[in-house]
Amino acid sequence: MSETLALAKDLIRRTSITPQDAGCQIAMSQRLAKLGFHIEVMQFQEVTNLWARKGIERPLFCFAGHTDVVPTGPVTEWQSPPFEPTETDGFLVGRGTADMKSSLAAMITATERFLANHAHHKGSIAYLITSDEEGIATNGTVKVIEALEARQEKIDWCLVGEPSSTNQVGDVVKNGRRGSLGATLRIEGIQGHVAYPHLAENPIHKAAAFIADLTAQTWDQGNAHFPPTSFQISNIQAGTGATNVIPGHLDLLFNFRFSTETTPDALKDRVTALLTQHGLRYQLEWHLSGMPFLTPPGALVEAVSWAIKEVTGQQTELSTSGGTSDGRFIAPTGAQVVELGPVNATIHKINECIRIKDLEHLSNMYEKTLEHLLSLTRDE
């Protein structure tokens with residue numbers, strides 16, 4: 001069994017359902033400490049974070065990721081126990097295989113090989129690992145970055161191990177992400193008997209035209225790097241459950257995934273203008289979970305693209321699609337940030353899995369990225 005596969009299995013066996021770490025970071029720290037990394041545990045409430053660094057010079061290259069995983073769903077629907085990593089037909093099955101414990105294992109083994117071959121190298125290497133990425137993400141990476149910024153410790157290049165690939169490992173690299181703006185909206189009405197509608201005010205009826213108008217909006221056209229801003233209603237609820245009661249209010253949850261062509265304030269203004277236009281009484285709360293970010297072609301994008309080509313022979317595609325990641329907390333510090341990880345087809349699903357051969361491909365890509373950026377012997 002390869003070192004990468006063995007470590008991936010060890011991490012997957014740990015039931016680190018968010019925000020629990022379940023000892024994953026200890027296992028990683030033990031490997032990193034043997035390499036000379038200074039280990040720093042940053043605990044914020046129930047969340048465990050790891051900041052490990054080897055070297056004091058810049059440039060600082062950082063591997064970033066998370067040890068927490070989403071809940072398994074019905075265990076009986078899994079082909080094997082979700083926290084017992086199982087090899088099946090060339091795949092490794094288990095919760096966290098793709099998102100993202102295989103990436104963590106590949107980072108460690110890549111670092112071990114790089115340092116064995118390059119005892120003397122440029123700059124420093126660090127790890128920023130959290131157990132609060134799959135949850136509300138308030139005590140994880142964002143808090144570590146705040147601590148690093150307070151002591152003026154700057155990351156130059158950051159590789160996040162999120163599952164970025166689509167069909168085969170390395171075919172897509174995320175060099176940016178859209179912003180995420182969520183909202184909780186309550187449309188006010190007056191509860192009453194359905195037989196006496198003149199004594200009540202039905203918020204469903206009043207909101208219907210507003211909802212149709214809201215979903216028909218074109219928010220922007222996107223640009224060369226980002227698709228157009230998207231809008232989705234994720235929940236809608238009203239009523240008591242009785243057929244003869246007009247509800248007193250209607251609750252909606254919705255979300256924008258927005259490009260750099262707009263701003264949170266502009267989106268808020270357009271929504272409130274529509275509410276006013278339709279004459280609705282309402283309560284509205286906003287939650288901004290991340291701004292869009294983009295790492296244009298440069299040293300890090302070049303290094304990762306070169307590493308992928310060296311390992312697989314294929315050209316990678318740069319993309320900003322998909323959800324948010326903890327890269328949104330790191331990029332505002334001025335760091336170049338990219339995401340490179342496994343195929344994402346099974347993330348968060350029953351029977352989540354990764355091709356076993358992709359573990360070594362990923363580890364080799366990470367090692368060659370380090371070589372490209374930090375090796376003293378590489379031709380410039």
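Q: Is C62 buried or exposed?
A: C62 is buried, since its relative accessible area is 0%. Buried means under 20% relative accessible area, exposed means over 50%, and partly exposed is in between, using a 1.4 Å probe and protein chains only. This is a predicted model, where local features need pLDDT of at least 70 and side-chain atom pairs count only at pLDDT 80 or more, while totals for chains, interfaces and linings use all residues. Residues are numbered from 1 along each chain as its sequence is written, and side-chain values use heavy atoms, with hydrogens and water left out.

Q: OK, and how many disulfides does the structure hold?
A: Zero disulfides. A disulfide here is a pair of cysteine sulfur atoms within 2.5 Å. For C62, the nearest cysteine sulfur belongs to C158 and is 4.5 Å away.

Q: Switching to helices: at what angle do α1 and α9 cross?
A: Roughly 110°, with the axes of α1 (residues 3-12) and α9 (residues 356-374) coming within 9 Å. Axes are lines fitted to C-alpha atoms, for helices over the stretch in contact, and angles run from 0 to 180 degrees between N-to-C directions. Helices (H or I, at least four residues) and strands (E, at least two) are DSSP runs, numbered from the N terminus.

Q: So what do you call that arrangement?
A: α1 is roughly perpendicular to α9. Angles of 65 to 115 degrees count that way, whereas under 35 is roughly parallel, over 145 roughly antiparallel, and the rest oblique.

Q: Which residues make the contact?
A: From α1 you have T4, L5 and A8, and from α9 there are I356, L359, E360 and S363. Contact means heavy atoms within 4.5 Å.

Q: Now the largest nonpolar core: which residues touch the most other members?
A: F61, Y127, L340 and Y366 do, in a core of 48 residues. A nonpolar core is a set of buried Ala, Val, Leu, Ile, Met, Phe, Trp, Tyr and Cys residues joined through side-chain atoms within 4.5 Å. Helix α3 (residues 97-117) gives the most to this core, with nine residues.

Q: What is F61 in contact with?
A: Leaving aside neighbours within four places in sequence, the contacts of F61 include W157, L159, L300 and L370. Another core, of 21 residues, lies apart from the largest one, and L181, I187, L214 and L275 are among its members.

Q: Where does Q237 sit?
A: Q237 lies in strand β12 (residues 230-238). At 55% relative accessibility, Q237 counts as exposed. Not counting residues up to four places away in sequence, Q237 touches H249, L250 and D251.

Q: Which strand is H249 in?
A: H249 is in β14 (residues 249-258), and H249 is partly exposed, at 30% relative accessible area. H249 and I187 are 62 residues apart in sequence, yet 5.5 Å apart in space, C-alpha to C-alpha.

Q: Last one: is H118 buried or exposed?
A: Buried, with a relative accessible area of 12%. H118 is found in the loop between α3 and β6 (124-130). Leaving aside neighbours within four places in sequence, H118 is in contact with E371, S375 and T377.
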